[in-house]
Amino acid sequence: MQQPKTDLIATVARASRGALLATYRARQFELPLRFWRQQVHFTTPASGRPEKALSALASVPRLLARFELTVDAVAAHLGVDPAPLHAVLASDGSVPALLLDAEDAVAATAEAARQARAGAIECFRKADFGRTLRLFRPAGIGLDGCVDDLVEVLTAVAGQTAPDDYPIEAVVWPKAESGQEIAWLCEVLGVLERHIGLPDGHIRVQFLVESARAVERLTELTDAAGTRLTGIIWGIADYSADVGLPEIRNDHPVCDWARCALINAAGACGVPAIDSMTLNYPTPLHRGETLSANQREQNRAKVLAALAQVYADARHGMELGMSGKWVGHPLQAWLVLAAYREALPAARLAQDLAEVEAYQRAVMAGSGATIVGEGMQAYMADRASDRHVRSRLRRAAAWGLLPAAEAARLGLISEAERAELEAPAAPP
């Protein structure tokens with residue numbers, strides 16, 4: 001009996017649909033939960049003693065005392081609740097991500113590059129990173145040392161340990177310009193992985209967007225990185241120079257336009273977008289052991305102004321959709337972490353959890369949508385809003401703001417991710 005024409009059409013359509021979905025799925029992956037813990041990228045020169053940056057948060061009380069400041073005084077100056085600021089200092093003390101920089105933080109000499117490679121190798125071999133993500137920024141493709149940075153550092157840190165213990169989790173590639181460049185980087189990483197004995201794709205990639213060309217080619221860059229990609233980082237200083245802005249201004253409309261493009265590209269890949277550094281460091285105007293009362297007050301005013309700026313910059317990026325921010329000073333790390341913590345207070349998380357459970361009950365009852373809340377506060381929850389809330393709660397779990405057991409119960413994280421979150425953190 002001849003198959004009805006409509007059945008044949010449906011059969012062909014289902015087959016072509018399956019092929020199309022297969023191409024989509026080949027480009028999609030679930031980013032490991034630890035890579036969502038990138039609220040702070042603490043960058044430090046690879047030469048010297050980069051391991052000191054691992055205890056950056058532990059130095060905050062000493063730095064505040066140096067400027068005769070307290071946590072509550074800083075909160076009062078910012079006009080915010082001091083609780084998140086205190087909570088960051090009472091946490092496990094680790095910075096979410098540490099970047100050993102062998103690029104912009106290194107003088108453009110062969111000897112300086114050699115010292116940076118040696119410092120990175122020593123730190124990655126011996127430092128106890130605990131839960132801190134371990135990132136390495138080599139010189140970019142335009143600098144002669146880029147190949148030596150990759151080959152020497154990535155091979156020298158390899159030991160006889162299991163792949164999960166390999167001490168570099170991602171290479172942060174500076175001044176990315178084209179898909180061909182990122183494809184070249186991934187090819188080099190693949191060769192090095194085979195030489196070291198790591199699985200293909202084990203060393204992840206992030207790249208910096210620091211030029212007009214990079215903004216124009218974001219899709220090309222992300223496609224070339226593929227499933228190695230774990231973040232896209234905004235570099236405001238080089239970009240401002242590239243397009244000829246009259247000043248490096250965090251909220252310049254052109255910079256925010258570029259940020260939005262980066263955030264969209266990161267969202268399309270399911271990876272964090274990391275905001276640029278606030279260049280106004282909380283450092284003193286006057287140095288010395290015997291400062292006058294007026295000089296001490298000027299130091300306090302300068303530091304408080306810098307802290308207000310980094311806090312405002314962090315909130316600005318978060319409101320646009322950034323998932324983290326570059327910092328280069330312990331007080332910056334402290335303020336940015338507090339800003340991210342304040343954005344997800346306990347009351348907000350409780351409301352999100354209630355919404356997830358209410359929607360689950362509606363689905364079990366056969367409904368695709370439900371009303372959450374009461375009275376003037378009532379609103380509709382459906383599959384799209386549930387996805388949005390779950391995404392926020394998954395990040396809260398990664399940041400340690402939501403108990404891992406609760407996140408696992410609701411299916412926000414896997415049992416393996418729960419075990420990772422509940423494992424005791426090593427001291428910084």
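Author: We can begin with salt bridges. A salt bridge is a side-chain nitrogen of Lys or Arg within 4 Å of a carboxyl oxygen of Asp or Glu. Keep in mind that this is a predicted model.

Reader: What is the general idea behind such a pair?

Author: Side chains of opposite charge can pair when their charged atoms come close.

Reader: How many salt bridges does the structure hold?

Author: The structure holds 32 of them. In one, the side chains of Glu210 and Lys175 meet, at 3.8 Å from N to O. The two partners come from distant parts of the chain, 35 residues apart: Glu210 is in the loop between strand S5 and helix H8, and Lys175 is in the loop between strand S4 and helix H7.

Reader: Is Glu210 buried or exposed?

Author: Buried means under 20% relative accessible area, and exposed means over 50%. Glu210 has 6% relative accessibility, so Glu210 counts as buried. Lys175 has a relative accessible area of 29%, so Lys175 is partly exposed.

Reader: What does Asp200 form with Arg228?

Author: Asp200 and Arg228 form a salt bridge, and their closest N and O atoms are 3.7 Å apart. Asp200 is in the loop between H7 and S5, while Arg228 is in the loop between helix H9 and strand S6, so the pair ties together parts that are 28 residues apart in sequence. Asp200 is exposed, at 64% relative accessible area, whereas Arg228 is buried, at 7%.

Reader: Which side chain meets that of Arg409 in a salt bridge?

Author: The side chain of Glu357 does, at 2.6 Å from N to O. Because Arg409 lies in helix H16 and Glu357 in helix H14, the pair ties together parts that are 52 residues apart in sequence. Glu357 is partly exposed, with a relative accessible area of 26%.

Reader: Next, contacts. How do I read them for one residue?

Author: Contact means heavy atoms within 4.5 Å. Take Val172, which has its place in strand S4. Val172 counts as buried, at 0% relative accessibility. With neighbours within four places in sequence left aside, Val172 is in contact with Leu99, Leu135, Phe136, Arg137, Pro138, Gln206, Leu208, Ile233 and Trp326.

Reader: How far apart in space are Val172 and Glu319?

Author: They are 24 Å apart, C-alpha to C-alpha, and 147 residues apart in sequence.

Reader: Which residues lie nearest the centre of the second largest pocket?

Author: They are Arg34, Arg37, Arg131, Thr132 and Glu420, out of 47 lining residues. The volume of this second largest pocket is about 1100 Å³. H13 gives the most to its lining, with three residues. The lining of the second largest pocket divides into 27 nonpolar, seven polar and 13 charged residues.

Methods: Residues are numbered from 1 along each chain as its sequence is written. This is a predicted model: local features need pLDDT of at least 70, side-chain atom pairs count only at pLDDT 80 or more; totals for chains, interfaces and linings use all residues. Side-chain values use heavy atoms; hydrogens and water are left out. On a 1 Å grid over the protein atoms alone, a cavity is a set of points where a 1.4 Å probe fits but cannot get out, and a pocket is an open set with protein on both sides within 12 Å along at least five of seven lines; lining residues have an atom within 4 Å of a point. Grid points are joined across faces, edges and corners, and a volume is the space filled by probe spheres set on the points. Helices (H or I, at least four residues) and strands (E, at least two) are DSSP runs, numbered from the N terminus. Ala, Val, Leu, Ile, Met, Phe, Trp, Tyr, Cys and Pro count as nonpolar, Asp, Glu, Lys and Arg as charged, and the others, Gly among them, as polar. Buried means under 20% relative accessible area, exposed over 50%, partly exposed in between (1.4 Å probe, protein chains only).
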